[in-house]
Amino acid sequence: MNFLPMTMRRNGVQCMTPPSETLLEVSGIGKHFGGLAALNDVSLHILRGEIYGLIGPNGAGKTTLFNIVTGLYQLDSGNFTFDGTGYVSCKPHLLAQAGIARTFQNIRLFANMSALENVMVGRHVRTRCGIWGALARHAAARAEERAIIGRARELLRYVGVNRPPQTLAKNLSYGEQRRLEIARALATDPKLLALDEPAAGMNATETESLKTLLQTIRADGITVLLIEHDVKLIMGLCDRVTVLDYGKKIAEGVPHEVRNNPAVIEAYLGGGSA
Amino acid sequence: MNMLAQMSRKHRAWLAFAALAMLLLSLPFITDALLGRGWVRILDFALLYIVLALGLNIVVGYAGLLDLGYIAFFAVGAYCYALLGSPQFGLHLPFWIVLPAGALLAGFFGVLLGAPTLKLRGDYLAIVTLGFGEIIRIFLNNLNAPLNITNGPQGISMIDPIRIGEFSLASTHELFGLTFPSVHLHYYLFLCITLLVIFVSLRLEDSRIGRAWMAIREDEVAAAAMGINTRNIKLLAFAMGATFGGAAGGLFAGFQGFVSPESFGLTESIMVLCMVVLGGMGNIGGVVFGGVLLVLLPEALRHGAGPVQQALFGKMFIDPESLRMLLFGLALIAVMLWRPAGLWPSRQRRRELSADDDAAQRGTVYDAAK
Ligand SMILES: Nc1ncnc2c1ncn2[C@@H]1O[C@H](COP(=O)(O)OP(=O)(O)OP(=O)(O)O)[C@@H](O)[C@H]1O
Ligand SMILES: [Mg+2]
């Protein structure tokens with residue numbers, strides 16, 4: 001079950017010669033909204049090839065951290081390093097180009113475009129055809145367009161959206177929309193795939209097949225950063241997790257250690273909003 | 001009929017194409033014979049407005065940027081032509097320099113206007129572009145002192161006619177045994193330009209750039225997160241749309257022989273926007289249809305309303321000009337109520353309407369607006 005072409009398959013961590021084993025390093029990031037500290041001096045590092053969990057009660061600052069490392073928010077303090085390059089502030093499209101792709105907690109597909117076109121848009125950052133190519137449709141432009149379509153179809157199959165590719169995104173089922181978002185993100189050839197509650201709203205079977213998909217993605221050499229409320233999914237999938245609460249990191253480690261950490265239990269039970 | 005049924009799809013498509021081509025080619029002669037020369041002139045204007053509307057369609061229909069000052073680019077193109085090809089400065093540069101110059105200058109203005117508005121969305125963008133449109137018009141109105149550039153409200157007259165080589169479109173020509181008056185010649189030139197603009201629009205729509213425009217229209221944040229340089233792609237939409245507008249402006253100046261700021265008011269901007277919205281945003285066929293409709297119908301009313309009222313009631317109740325605005329308003333409201341996606345919605349909007357039904361039946365429809 002592997003539809004990813006060679007260019008995308010990084011053959012795991014071993015055969016890369018990374019500048020470091022760390023893919024994303026977040027150091028002392030702070031972010032305030034008015035008086036509210038959504039993130040307060042948060043540091044963590046994600047290794048190449050792992051599935052890293054980010055958990056915490058509602059409003060803990062998980063999505064805010066995603067928004068910072070994908071360039072949608074500017075951080076107030078700290079910095080982060082991705083794939084050997086340090087960032088303080090950066091445009092979203094440049095981070096996508098650097099290799100961070102994401103999905104959104106409240107699905108943000110291009111609703112009135114077809115499923116296929118959604119994924120094709122994901123290829124934008126790895127393709128070049130401009131105005132002249134679009135008008136002249138010379139051989140190179142046609143070849144590129146064919147490659148985009150081929151790859152998009154491949155990715156739709158890969159994530160398991162088995163619908164006519166012309167179906168509009170907004171007419172897909174909820175679970176399919178979540179998968180389509182993953183396909184669109186994968187189309188950018190990411191090094192780090194950041195998923196914001198991909199299992200939200202899914203039933204048990206859908207969650208199970210999502211788990212398989214994420215394992216396949218990791219096996220294909222893509223590092224995964226996962227925000228999830230589904231504890232079972234986190235336990236079964238993640239190599240390491242970080243727990244945020246009120247913008248602070250309260251624990252980090254392998255899932256079953258973290259689960260028994262008193263501070264974490266307190267955060268979830270005390271907050272009453274797990 | 002039987003023969004028609006037996007033909008393959010491809011043959012029928014060819015037949016339809018040939019019929020359409022014949023119709024378009026003979027249209028000025030038919031119109032001239034049936035309705036008179038004045039109507040051929042109206043056809044010419046319809047084609048100009050279609051070019052304008054197709055340009056605006058790139059900005060509004062594809063990229064989803066509501067531009068209420070679009071007519072300013074038409075003005076820039078027209079004035080560029082007028083200043084470079086009239087006694088105003090004594091410059092009489094050839095058509096093939098003046099027209100592209102106007103289009104490029106308009107494209108430059110498109111970027112100039114686009115750049116500061118990049119962070120604005122929806123209503124805010126509409127208001128700022130509306131302001132820009134007015135600024136250009138007011139500039140044109142007042143650039144006659146202390147240095148007279150635009151001749152102010154009087155406008156510029158005696159603009160050089162469109163001349164391709166030694167072939168002037170302003171005079172009657174005898175070709176292939178047929179007599180081609182000036183309006184007919186302009187018709188054929190404008191038709192060629194319209195077809196070119198349609199071709200460009202079609203190619204852009206189905207390309208990497210076109211998809212990026214639509215992605216921005218659908219969700220700018222998601223588009224940026226997927227690696228689209230939203231700033232550049234939006235500027236490109238402004239520039240492309242403005243270039244088409246500028247080209248149409250140049251043709252307009254050469255055709256009329258006269259330009260004044262009056263032709264470039266807010267009403268004209270709104271008129272072009274209506275063509276795009278009424279016809280079917282994002283759909284080239286719809287935009288063309290909207291353009292034809294909004295140029296021809298008011299003219300038909302202007303010519304028809306008086307006599308009809310005379311015949312029915314023996315006197316005039318409403319003068320045709322106000323009737324025109326009245327009916328126009330009613331038509332707009334009707335379309336917005338019953339066909340919000342336009343008279344001829346785009347492929348996707350149509351698909352989306354029909355797909356909505358079966359999705360609703362399966363109970364899986366997801367409200368993407370949330
Ligand atoms: N753009 C914003 N403006 C103001 N406040 C914000 C903004 N974005 C997030 N916040 C606030 O920051 C805090 C953290 O929000 P965030 O969305 O990161 O939480 P979360 O951990 O993703 O929660 P959930 O599990 O509910 O998704 C919340 O209190 C939220 O209200
Ligand atoms: Mg969140």
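Start at the interface of chain B and chain A, where the rule finds 11 residue pairs in polar contact, both residues at pLDDT 80 or more. A polar contact is a pair of N or O atoms within 3.5 Å; within protein, one must be able to donate a hydrogen and the other to accept it, and residues adjacent in sequence count only if both atoms are side-chain atoms. This is a predicted model, in which local features need pLDDT of at least 70 and side-chain atom pairs count only at pLDDT 80 or more, while totals for chains, interfaces and linings use all residues. Residues are numbered from 1 along each chain as its sequence is written, chains are lettered from A and ligands numbered from 1 in the order in which they are written, and side-chain values use heavy atoms, with hydrogens and water left out.

**Chain B side.** Select helix 14 (347-362) of chain B, one of the helices that each supply at least two residues to the side touching chain A. Helix 14 gives the most to that side, with 8 residues. Helices here are DSSP runs (H or I, at least four residues), strands are runs of E (at least two), and both are numbered from the N terminus.

**Both sides.** The contact (heavy atoms within 4.5 Å) takes 44 residues from chain A and 39 from chain B.

**Salt bridges across.** The interface holds 3 salt bridges, each a side-chain nitrogen of Lys or Arg within 4 Å of a carboxyl oxygen of Asp or Glu. Select A:Glu145 and B:Arg211, whose side chains meet in a salt bridge at 2.7 Å, N to O. Next, pick B:Asp219 and A:Arg108, with their closest N and O atoms 2.8 Å apart. B:Asp219 is in the loop between helix 8 and helix 9 of chain B and A:Arg108 in the loop between strand 6 and helix 3 of chain A, so this pair joins two chains. B:Asp219 is buried at 10% relative accessibility, whereas A:Arg108 is partly exposed at 26%. Buried means under 20% relative accessible area, exposed over 50%, and partly exposed in between (1.4 Å probe, protein chains only).

A:Thr63 lies in helix 1 of chain A and A:Gln105 in the loop between strand 6 and helix 3, so the pair ties together parts 42 residues apart in sequence.
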